Amino acid sequence: MLSDKSNTYKLSEEQKQFYEDNGYLVIKELFDFGTLYNLKKRFQQICRGIVDKGNMPVFKEPKLLAKGLKGEDLVNKVSDIHFDEVFSTYTEHPRLINVLSQIIGRDMSVMNGMFINKPPGSTRHPPHQDLYYFPFRPADKIIAAWTAIDDVTVDNGCLYVVPRSHKNNVIYRHGNLPDSNKLYHGILEAAPCEPRVCLEMSPGDTVFFHPLIVHGSGENITQGYRKSITAHYASTSCHCVDVRGTVQDELAQELEQEAKRRGMEISFQDLWQYKSKVVSGPSSKL
């Protein structure tokens, strides 16, 4: 069982340099057992309808839906979790914020939060870059945190990263690929997808990664679950950019249509501002 943790974690110069050079950094046992247990319990309560999901979208695995599965055996992820009183104990955890502040600065917003579940039989997430989804810059002031809730292995679909791929400083063309879930876009053109480093992790282990690094995850071929929780953060000094005419244009239109389907007439840029929440430093808009 993981022990209780203090609210600070000092990164060494070696860790900072590893992140800068490779685009990712794994910290072992960053979160304690109690925090992880409460997060998993919240997800299971949402799956069972015990608590109201509120405005959090719940996504189901299409090929498992076709098999008639339900609840935890079907749900792929819960999104926009950073406004939930329980899930926000992760996205605003002082220990996590402390690490993030040493990489992107003290003043930051959480832009996106997801509880991810890979039930048995769930599909891969193809190689992609997170910056493809974001209309804000600069990239070096954006970062993801991803924490294992369960043991994460190659067999149950662990993350993999392509070290140093962020150094090319380019967003590759993405799109829908066969055997992938909706909006789980993958890279469509030649890109550095090797060598892959598979990130097998224990509960509480956390990986931080740059938004331009190429990464993905495999299928879950086991009979157990692979749960994790993740959030993306941006410095409040970031600014929005116009993605029209770029490799992000098609995605922007798709997300605007999805928002419209949910009853919101909103631009790609405004959508992300609407979803953001200042978690450290003075309140600020992108």
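Here we go through pockets, then ring pairs, then charges over rings.

Me: What kind of model is this, and how are residues numbered?

Reply: This is a predicted model, where local features need pLDDT of at least 70, side-chain atom pairs count only at pLDDT 80 or more, and totals for chains, interfaces and linings use all residues. Residues are numbered from 1 along each chain as its sequence is written, and side-chain values use heavy atoms, with hydrogens and water left out.

Me: What is the volume of the largest pocket?

Reply: A pocket is an open set of points on a 1 Å grid over the protein atoms alone, where a 1.4 Å probe fits, with protein on both sides within 12 Å along at least five of seven lines. Its volume is the space filled by probe spheres set on the points, which are joined across faces, edges and corners. Here the largest pocket has about 1,400 Å³.

Me: Which residues line the largest pocket?

Reply: Lining residues have an atom within 4 Å of a point. The largest pocket has 50 of them, and Phe-59, Lys-77, Ser-79, Asp-80 and Lys-275 lie nearest its centre. Elements giving two or more residues to this lining include β3 (75–79) and α7 (268–275). Helices (H or I, at least four residues) and strands (E, at least two) are DSSP runs, numbered from the N terminus.

Me: What is the volume of the second largest pocket, and what lines it?

Reply: The second largest pocket holds about 300 Å³. Its lining has 14 residues, with Tyr-19, Glu-20, Asp-140, His-166 and His-210 nearest the centre. Helix α1 (residues 13–22) gives the largest share, four residues.

Me: How many aromatic pairs are there?

Reply: A pair of aromatic rings is described by the distance of the centres and the angle of the planes. Rings of Phe, Tyr and Trp (its six-membered ring) pair if their centres lie within 6.5 Å; planes under 30 degrees apart are stacked, over 60 edge-to-face, the rest tilted. The whole structure has nine aromatic pairs. One of them, Phe-43 with Phe-115, is stacked, at 4.5 Å centre to centre and 10° between the planes. Phe-43 is in helix α2 (residues 33–48) and Phe-115 in strand β4, 72 residues apart. Phe-87 and Phe-115 form a tilted pair, at 5.7 Å and 40°. Ring pairs link Phe-43, Phe-87 and Phe-115 into a cluster.

Me: Are Phe-87 and Phe-115 buried or exposed?

Reply: Buried means under 20% relative accessible area, exposed over 50%, partly exposed in between (1.4 Å probe, protein chains only). Both Phe-87 and Phe-115 are buried. Phe-43 is buried too, at 0%.

Me: Which charge sits over the ring of Tyr-160?

Reply: A charge sits over a ring if NZ of Lys or CZ of Arg is within 6 Å of the ring centre and within 35 degrees of the ring normal. For Tyr-160, the charged end is that of Arg-196, 4.2 Å from the ring centre. Lys-77 lies over the face of Phe-59, 5.0 Å from the ring centre.
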